[in-house]
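These are my notebook entries on one structure, written up in the order in which I looked things up. I give the cut-offs of each term where I first use it.

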Amino acid sequence: MATHRPNGYTSAKWLHIGQMATNRPNGYTPATWLFGKEVGYPVEQGFSTCSLSEQNLIYLAGSLSEQNLIYLAGSLSEQNLIYLAGSLSEQNLIYLAGSLSEQNLIYLAGSLSEQNLIYHEHLSDAYELFWNFNKTHIIFKTEVKTNGYIGFGLSPNGAMAHSDVIIGWVKDGNSFFHDRHAEGHIKPEIDTQQDWFLLSATEVGNVTSLTFIRKLETCDSQDRPITNDTTRVIFSYSPTDPVDKDTIAYHGQTRHGTKSIMLLTPPTSQQTTQPLPSDVITVDLLNENYPVPSTWDTVYRCKVFKLPDFGEKHHLIKYEPIIQPGHELLVHHILIYYCGHAVNTSHAGESYLCYDQSPKDLLDCQNTLVAWAVGGKAFEYPAVAGHPMGRPQDPQILIMETHYNNPELKNELFYSVLGLGDQEIRVFADFLHAHLLGRKIRTRYFRNGVEQVPILEDNNYDFNYQEMRKLPEERVIKKGDSFLLECVYDSTGKTSPTFGGLKTTYEMCLAFLLYYPRIDMTRCLSRTQYPAQDMYSTIQSYDWTNPLVRQQFIKTTEDSDVLDMCWFEDQSRTYYKVTPVPRYNQTYTPPRTCPN
């Protein structure tokens, strides 16, 4: 047994092992991995060598030197984490998450470089956020230009009320950190149960960095679960350290903010990606010097482009918007369509109002190639897929639809840029879209009348942050499967009905799926077949303050038939069918992760 050990640790919890196990995960040296049952050394009472229980699981980093002490705290609970490598430096920091299973991976923070904290968001000129996650935990690192305290949190709507917060700082070489919650625009209180854990804290020059970790679901009512939904993060910092944990001064009006982030389904723009191939071809589609009308609050402008001759088959592998600085809020969305049939290339360069002035032979050019909306950034296709270009049967003419939203009727000169049966298909990305009243969107998915795990859902939808999202894993879609797109809206405070339509103040409910291999059906829409001929006038005549009226309208909607409409790539075939509202044998219930 070792003769030197931390105060308070008995010899039954402190082992000096001279030989390591031979069976270990790939990439781990004998000096970093130990299975008690394979060591073969006798141990004192309290440890068993025949199972990997929490009581005998030992994780070693390097050797059992004075600099690489092991602290075992009875069980591997969140309250009793193992911290290795003496001084807890970023170079040696190891976090053991739960148990050694696929579900509870060991997260090695290493040097906390971009190689393992692969996601990044610029929150402000002073505040950078890095993170990574596995199936059970998420690790964050904040780098802030301050010598005072740092605040970071998760909010339901971007405000402090009901938010899950941490506050930490470094003072006189010591670190301070607490898991807190805020009930309003007041100092956050320390949680009864601490679920966020500090891994390291440094203050170098005028930059303070905190690295911390927590479970995705803590089952703590004072915390917010971290899910695939859009997350409103809130952040703050102060130029000074608190007097103590109970006396924290207000950070001020200019040193705080909020931002919507997809923590568990980050867009490719937030990832550290490999450089594009050296032979990549970039095509810019430009709306140059277009004067947005100052008399219309909504404009759908289309412009026609002819693709260059690529000479042979290529693939679209990335697209990215470029919005003129200062005009970001004027662009609601950009869609790029292609024609599935030959059209006169003399249309190239023409522009027109999309739904009023389209040339007749371009009316059927409605196959969607790219979908982008406000708040989105670049999207890169996975290595297994890309949209084919360059062959005779591939798109030759593209139409870029730009929706300008100009509620203040500004008179501005503006431009935008966007670069470029029976068979099973594999869906790898989904883009969810609604307008201002949208709160939740789900792409529901059914097979043989039984609902499967949704393709994608966002229960905290933010109109101002819309991204094409790569799925955690590809979904195989078979013949006979069906989709049901579900949008939840909140019109609280409105005194008149909201209709579906093209304006930003009207509503939509859309999902754009990216998949492979290619099939020729490109677009499907549906419309409720209400019994009244003039629903616009009928709905406006209802007394919506009467709960019986609202219930009757919901029942009428549920009982009405649905018109399904699908279009194929060459537009020579269309599918129209009126069907009852689908009834399913079994709906999907998410697994429960918390006892209550």
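Is Cys219 buried, partly exposed or exposed? I found Cys219 to be partly exposed, because its relative accessibility is 38% (buried means under 20% relative accessible area, exposed over 50% and partly exposed in between, with a 1.4 Å probe and protein chains only).

I noted that this is a predicted model, in which local features need pLDDT of at least 70 and side-chain atom pairs count only at pLDDT 80 or more, while totals for chains, interfaces and linings use all residues. Residues are numbered from 1 along each chain as its sequence is written, and side-chain values use heavy atoms, with hydrogens and water left out.

**Entry: backbone**

I looked up the place of Cys219 and found it in the loop between strand S11 (207-215) and S12; strands (E, at least two residues) and helices (H or I, at least four) are DSSP runs, numbered from the N terminus. Cys219 is not a glycine, yet its phi is positive, near 60°. I saw a positive phi in His162 too, at about 65°, although His162 is not a glycine, and this residue sits in the loop between strand S6 (150-155) and strand S7 (163-171). I also looked up the peptide bond between Tyr516 and Pro517, which is cis with omega at about -10°, and I placed Pro517 in the loop between strand S34 (509-516) and strand S35 (521-529).

**Entry: His178**

I located His178 in strand S8 (residues 174-182), where it counts as buried because its relative accessible area is 18%. Leaving aside neighbours within four places in sequence, I listed its contacts (heavy atoms within 4.5 Å) as Val165, Ile166, Ile167, Ile190, Gln194 and Lys245.

**Entry: rings**

I read that the structure holds 24 aromatic pairs (rings of Phe, Tyr and Trp, the last by its six-membered ring, pair if their centres lie within 6.5 Å; planes under 30 degrees apart count as stacked, over 60 as edge-to-face and the rest as tilted). Tyr127 and Phe235 make a tilted pair, because their ring centres are 5.1 Å apart and their planes stand at 55°. Tyr127 lies in strand S4 (residues 127-133) and Phe235 in strand S12 (residues 231-237), so the pair ties together parts that are 108 residues apart in sequence. Tyr127 is buried at 0% relative accessibility, and Phe235 is buried at 6%. I also noted one aromatic cluster formed by Phe140, Phe152, Phe177, Trp196 and Phe212.

I then looked up a charge over a ring (NZ of Lys or CZ of Arg within 6 Å of the ring centre and within 35 degrees of the ring normal), and found Arg523 over the face of Trp567, at 4.0 Å from the ring centre.

**Entry: a cavity**

I looked up the second largest cavity, which holds about 50 Å³ of space. On a 1 Å grid over the protein atoms alone, a cavity is a set of points where a 1.4 Å probe fits but cannot get out, and lining residues have an atom within 4 Å of a point; points are joined across faces, edges and corners, and a volume is the space filled by probe spheres set on the points. Among the lining residues I noted Thr230, Met262, Asp430 and Arg469. The largest share of this lining, three residues, comes from S28.

Note on methods. On a 1 Å grid over the protein atoms alone, a cavity is a set of points where a 1.4 Å probe fits but cannot get out, and a pocket is an open set with protein on both sides within 12 Å along at least five of seven lines; lining residues have an atom within 4 Å of a point.
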